[in-house]
Amino acid sequence: MENKQKRRFDFKTYAVLHFILLLYSFVGVFMKKAFENDLFSLWFLVFAGLAVLFLGVYALLWQQVLKKLPLTVAFTNKAICIAWGMLWGALILGDSITWYKIVGSLIVFAGVVLVVSNNE
């Protein structure tokens, strides 16, 4: 088990990890866009369908990444979805990025790092 924790850096695995986290970060955008439309309208179904599709692809690829990376490493990297979510919110949904959101994100990042590093 200790050998799994001390694997060398594999750029391809980390690239796949961050690609699937990028996909995962779009799910919130799709769901917000879905619920801006009438329930079961065409656009609701399109956006909700995209959210389900992205979640499915994410789930399958996440399991593949976990074969190559320890869960603690993969889960720590998942915190990047907060930053992606703020970016998509600003670019696609017109949300604003405030200092409160930035500080809150940094607190979450710090918390994830503390929890995960405590188990090592």
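Guide: Start with a definition: a helix here is a DSSP run of H or I with at least four residues, and a strand is a run of E with at least two, numbered from the N terminus. Keep in mind that this is a predicted model. From the N terminus on, the elements run α-α-α-α-α-α.

Visitor: How many helices and strands does that make in the chain?

Guide: The chain comes to six helices and zero strands. Buried residues make up 28% of its 120 residues.

Visitor: What share of the contacts with a separation of 6 or more comes from residues 24 or more positions apart?

Guide: Such residues account for 70% of those contacts.

Visitor: Why is N77 called buried?

Guide: Buried means under 20% relative accessible area. N77 has 18%, so N77 is buried. N77 is placed in helix α4, residues 71–77. Not counting residues up to four places away in sequence, N77 touches Y14, L17, H18 and L21.

Visitor: What makes L66 partly exposed?

Guide: Partly exposed is the range between buried, under 20%, and exposed, over 50%. L66 has 25% relative accessibility, so L66 counts as partly exposed. This residue lies in helix α3. Leaving aside neighbours within four places in sequence, L66 is in contact with L71 and A74.

Visitor: How far apart are the C-alpha atoms of L66 and L17?

Guide: They are separated by 9.2 Å, with the two residues 49 apart along the chain.

Visitor: Why does F40 count as exposed?

Guide: The cut-off for exposed is over 50%. F40 has 61% relative accessibility, so F40 counts as exposed. F40 is found in the loop between α2 and α3. Its backbone deserves a look too: phi of F40 is near 70 degrees, a positive value in a residue other than glycine.

Visitor: Now the interior. What makes a group of residues a nonpolar core?

Guide: The members must be buried, belong to the listed residue types such as Leu, Phe or Trp, and be joined through side-chain atoms within 4.5 Å. The largest nonpolar core has twelve residues: L23, F26, V27, V29, F30, A34, F44, F47, A48, A51, F54 and W88. Helices α2 (11–34) and α3 (42–66) each supply at least two residues of this core. The largest share, six residues, comes from α2.

Visitor: Which residues does V27 contact, leaving aside its neighbours within four places in sequence?

Guide: V27 is in contact with A51, F54 and L55. There is also a second, separate core of ten residues, including I20, L21, W62 and C81.

Visitor: Which residues of α2 and α5 make the contact?

Guide: From α2 come H18, L21, L22, Y24, S25, F26 and V29. From α5 come I80, C81, W84, G85 and W88.

Visitor: How many residues of each class does this contact of α2 with α5 have?

Guide: The contact has nine nonpolar, three polar and no charged residues. Gly counts as polar under this scheme.

Key:
Residues are numbered from 1 along each chain as its sequence is written. This is a predicted model: local features need pLDDT of at least 70, side-chain atom pairs count only at pLDDT 80 or more; totals for chains, interfaces and linings use all residues. Side-chain values use heavy atoms; hydrogens and water are left out. Buried means under 20% relative accessible area, exposed over 50%, partly exposed in between (1.4 Å probe, protein chains only). Contact means heavy atoms within 4.5 Å.
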